[in-house]
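The sequence and structure come first, followed by the notes.

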Amino acid sequence: MAQQQANRHGSEQRHRTHAWIAIVATVVALMLAVGVIWWVWAHRAHTPRPQATTPAPTATPSVTPSGSPSGAAPTASPSPTTTDRAQEIVDGMSLDERAAQLVMTPLAAGTDPSAIRALIADEHVGSVILMGNWTSGVAGVREATEMLQSYADGPTHVLVATDQEGGQVQHLQGPGFETMPSEVTQGTMALADLQAASRGWGEQLHMAGVHVDLAPCVDTVTIDRASNAPVGALDRDYGLDAAGNAQHAAAFVEGLRAAGVGAATKHFPGLGAVTGNTDFTTDGIVDTTTTRNGPEVQAFAQAIRAADSGMVMISLATYTAIDPDEPAAFSPTVIDGMLRGDIGYGGVVISDSLSASAVSAIAPAELGVRLVQAGGDLACVNDPAFTQPILDGLRARARGDAAFAERVTRSARRVVALKLALGLAQ
């Protein structure tokens, strides 16, 4: 028995000895492994690496329209920093160049962009509106807008706009552009659905190199729709009361903004109570019912305050209860008094087309001058023959009138601030 215990004790002692030997061996092996790894790292870290003798391949950059925003959608209205930068840019411009920022010249479908090359490259015209029925799709429009951008040689890119309302007013069509329903149909959509749809339409414009959609119409039709030639007869309004129109307009604007595209609420203070279309006639374009604080104007106020459109378009009708002496686009009461004063809007004020029949009695050289004198900023024309006379008129008046030159400078700052907000300047 004793011998058996002794043998068992000896056996346990040997097992413990072997275990300790195994542990020590393992520790030693680990230390050696760590040492080897350290030596290799140190050797590689201090050994010069050979330089490549052939250039590494570079990735092909994706092409985006010049000045088109990407990533997070920019806001259309200027921030304080943007305003400061806009002032710096405009301060570096000559007076003639500042005046050129206040003109939007047309490019009709089927016209080669080189037709307006000199206006952009030599005269420094800062904005272009795409007119007519473009059926070449996103790719075709993109080709044209890239050519326009190539002509610009200055601190800002060309601002490209179009009328993409939906229904009977959709200038850009073809592959990549969805067929948009009329505003009346849009008025039947839930606000969230309209905003989502508008974002999609805005993304198509963005891909085509278009920066501002001259929409939506916030006009409230107050007479028989069929007799309201500029809006109701064409289903260009949302077909709702003033409050409903404002809500749908804001949703449309916010959708565009989410896509990085600006908008222009129009036609302030409203074309829903006239019978004539200002584009084609001088008859029936006097509104006798719209008042300064009426619901039709409040629809604009609500939409402007709720959404960040970047532009407001002024109509060419005359409003006897507001200013019986001047069309809205030439009325300080309408622009400086109502829009900038009552509503508090500080962004770009763009005219409806100054080549329209409604203002045909006014000399072309006076059109832009009267717009800016009233507080407006951007003279939009649909007929290219009006561009040079309007530009010349602005320049001549600014050279001889210091007070008007200051107005030109102020308007140029607003236009450049919008360009900065849309990614069209640095």
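In this predicted model, Met313 stands opposite Ile350 of strand S12. That pair belongs to the contact between strand S9 (residues 310-314) and S12, which run parallel and are joined by four bridges.

**Strands S9 and S12**

- A further pairing between these two strands sets Val312 against its bridge partner in S12, Val349.
- Five of the five residues of S9 are buried, so S9 is largely enclosed by the rest of the structure.
- Strand S12 (residues 348-351) is covered on both faces. Val348 and Ile350 are buried on one side, and Val349 and Ser351 are buried on the other.
- On the S7 side, S9 is joined to S7 by four bridges, and the two strands run parallel.
- In that pairing, Phe268 stands opposite Ile314 in S9.

**The eight-stranded sheet**

- S9 and S12 are part of an open sheet of eight strands with parallel pairing, in the order S12-S9-S7-S6-S3-S2-S1-S13.
- The edges of this sheet are S12 and strand S13 (379-380), each of which pairs on one side only.
- Strand S6 (residues 212-213) pairs with S7 in the parallel sense, over two bridges.
- Val212 has Gly262 as its bridge partner in S7.

**Helices on the sheet**

- Helix H8 (residues 242-258) lies across S6 and S7, and runs at about 155° to S7.
- Helix H12 (residues 387-400) also packs on the sheet, where it touches strand S1 (103-108) and S13. The direction of H12 makes about 170° with that of S1.

**The three-stranded sheet and Thr318**

- A separate listing gives three strands in an open sheet of mixed pairing, ordered S8-S10-S11.
- Strand S8 (286-287) and strand S11 (323-327) are its edge strands, and each pairs on one side only.
- S10 and S11 run antiparallel and are joined by two bridges.
- Which residue of S11 stands opposite Thr318? The residue is Pro327.
- Thr318 itself is placed in strand S10 (residues 318-319).
- With a relative accessible area of 15%, Thr318 counts as buried because the cut-off is under 20%.
- Leaving aside neighbours within four places in sequence, Thr318 is in contact with Ile285, Val286 and Asp287, and also with Asp323, Pro324, Glu326 and Pro327.

**The largest pocket**

- The volume of the largest pocket is about 600 Å³.
- There are 28 residues in its lining, and those closest to the centre are Met131, Asp163, His171, Asp279 and Asn382.
- Strand S2 (127-131), strand S5 (169-170) and strand S7 (262-268) each supply at least two residues of this lining.
- S2 and S7 are also members of the eight-stranded parallel sheet.

Technical notes: Residues are numbered from 1 along each chain as its sequence is written. This is a predicted model: local features need pLDDT of at least 70, side-chain atom pairs count only at pLDDT 80 or more; totals for chains, interfaces and linings use all residues. Side-chain values use heavy atoms; hydrogens and water are left out. On a 1 Å grid over the protein atoms alone, a cavity is a set of points where a 1.4 Å probe fits but cannot get out, and a pocket is an open set with protein on both sides within 12 Å along at least five of seven lines; lining residues have an atom within 4 Å of a point. Grid points are joined across faces, edges and corners, and a volume is the space filled by probe spheres set on the points. Buried means under 20% relative accessible area, exposed over 50%, partly exposed in between (1.4 Å probe, protein chains only). Contact means heavy atoms within 4.5 Å. Two strands pair if DSSP finds at least two bridges between them. Axes are lines fitted to C-alpha atoms, for helices over the stretch in contact, and angles run from 0 to 180 degrees between N-to-C directions.
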